[in-house]
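Here is a short briefing on helix packing. Keep the structure open while reading.

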Amino acid sequence: MPTDITMPKLSDTMTEGRLVSWKKSVGDRVERGEIIAEVETDKATMELEAFASGTLVEQRVKPGELVAVGTVIGVIGAAGESSGPSAGKPKPSVEAEEKPPEEPKPSAEAPQPQAEAPPAVPAGEVPERVLELPEEKETAPSPPQEDRGEGERAAPVVRRMARERGIDLGLVTGSGPDGRILQEDLERYLAEKPKPESAVAAGEGVEGEPLSRMRGAIARVTAQAWQSIPHFYETVEIAMKEAVEIVRELKGSGSEVTYNDLVIKASAMALAKYPKLNASFANDRIVTHGQVNIGIAVAVDDGLLVPVVKGCQGLALKEIALETVRLADRARSGRISQDEISGGTFSISNLGMFGIEEFAAVIFPPQAAILAVGSVAERPAVRDGQVVAVKTMRVTLSCDHRIVDGAYAAQFLGELKRILENPVLMLV
Amino acid sequence: MMIRDLGDLKFEAALAIQENLTAEVAAGTAPETLLLVEHPPVYTIGRGGCRDNVLDSGIRVVETNRGGDVTFHGPGQLVGYPIIDLGRRGRDLHRYLRFLEELLIKVAAEFGVTARREPGRTGIWTDGGKLASIGVGVRRWVTMHGFALNVANDVTPFHSINPCGIVACPITSLSAILGRPIPLDDVRRSVAGRFPSLLDERLPFLETAEPAP
């Protein structure tokens, strides 16, 4: 008799928990009381014990997934037994059809009402099996011939085939009666479509996972930028001795200012002199903006957000520092509003705290440029013929060549360097 | 319950003591214990974390089975590892986390620092940043790991971990907020004095263990 392993309720106030890791693999022998998995709620992890002896026959939830309390995360059965809760008839072991209907969706990212509207899955991605369940349930009772809905332009066997191969039927042209999609339409679609992703999926023998809403947005924006914006890059190394001292002094006087805040302030000042980098390219026109609104890339779980510090041209360094802390907090806590991530006219991405020396960033359309900031570190430099250690930082500007040319970008970077090397300019 | 001051001890050594005690408390052969310790510099990574988020190669990195992400321990920071049998105190992890937060808020208040909870972000916060981190591991309902309260430590190593991204999550300490050095011993005494009674108040000890759910 198989025993379900469920997400335990570790607190009266716990509604969902994250599976941290499996301590046993499918097929492993499990003794009652043995630790089989680790789950997490808030900042506490709990080692999960088996309530029955047997063999772990199924892991239904992957490490990192957040599921509701009570969700079946795995099944312990007798050795050699396949899972297949409750119902007694033989079933293919881990097919989607076997999921109990009450099982919640594994993802917290798309809190849509009920499971009946599976999140849109981009073409080429294979939907996760739990997510495809509702479709099965809904379509099963009605004979396919009577289907009139948009998504019902194919026989069940074709829909199943599409699902298995990760094809969005909405993208396939049907050649059957009334535009119905036939098996050969799928084959033609597959033959025509580039397929690096399916190659990877096949190689690993896994189903792939659907894009979260945020990954989907990042994929769309960066692909659009990469395909439409002719990027070019310029890097400059900036001596940071003075800036380091300013940061330390400000800190001593109670104002926490980061290097990134200095870069924002310096960029705002330099953009005032070189406004074509504070511009947008749209419909074959260049629009130069009066406001300097600087977007700051903030890494969050499974993605990034770019909250915008608005009106930087009129903000003191300290005001910028307060605003960046506020925005980053909101971004990470998931409470940021649409307004706070819109309206940027220039962006900064800083990977200095990760020890990245320098890198090139993808422009955030329709902006003209993005500044990629590396770490502040001691690097060898030649001064008066001697090699000495100097604290420096490298920044790389990615520019839209439709808006500016190399010399203009170089002048902007020269100004940025001058300001950061004389940071007192930012305090007056 | 017992309170043991381990003094200055390496993270791994303290972890071994925790592991043993957890097993003994679960078996009922040792009393619940609060371990207090100060660690030499070390980054530790919880289950929510990833080693890639640590870049300062000068400081050791240890992975542990507590909840939470990357954090730093070092001299001047009071670390507390309560080994508590939640199986006999209501089996509620959130209530335990809130108890730890309340304890640390009261300790901070004793030194004149106003600290608070931030909903959804376990730990203790002040206007100047995060004052204490909390990360707990539970095995057979017995707790491990616990809290790290910044008393007089150098907070710059935190700048090298910023697991979340661009703008550093500000970290502060009692000494930094008050502008004068606060002796670790004073804070240790405050924590040790408050812990047992507040624990019994918030998570009363039940004479018989509850059956497993």
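**Helix packing in a predicted model**

Helix 7 of chain A is largely enclosed by the rest of the structure, because 11 of its 15 residues are buried (under 20% relative accessible area; exposed is over 50%, partly exposed in between; 1.4 Å probe, protein chains only). Helices (H or I, at least four residues) and strands (E, at least two) are DSSP runs, numbered from the N terminus. This is a predicted model: local features need pLDDT of at least 70, side-chain atom pairs count only at pLDDT 80 or more, and totals for chains, interfaces and linings use all residues. Residues are numbered from 1 along each chain as its sequence is written, chains are lettered from A in the order in which they are written, and side-chain values use heavy atoms, without hydrogens and water.

**Helix 7 and helix 8**

- Buried residues of helix 7 of chain A include Leu262(A), Ile264(A) and Leu271(A).
- The axes of helix 7 and helix 8 (residues 317–333) of chain A come within 9 Å and cross at roughly 125 degrees (lines fitted to C-alpha atoms, for helices over the stretch in contact; angles run from 0 to 180 degrees between N-to-C directions).
- On the helix 7 side, the contact is made by Asp261(A), Leu262(A), Ile264(A) and Lys265(A) (heavy atoms within 4.5 Å).
- Helix 8 of chain A contributes Leu317(A), Ile320(A), Ala321(A) and Thr324(A).

**Helix 9**

- The buried residues of helix 9 of chain A are Tyr408(A), Ala409(A), Phe412(A), Leu413(A), Glu415(A), Leu416(A), Ile419(A) and Leu420(A).
- Seen down the axis, these fall within an arc of 160 degrees, so they line one face of the helix (the arc is that of the directions from the helix axis to the C-beta atoms).
- Their packing partners in chain A include helix 6 (241–252) and helix 7 (259–273).
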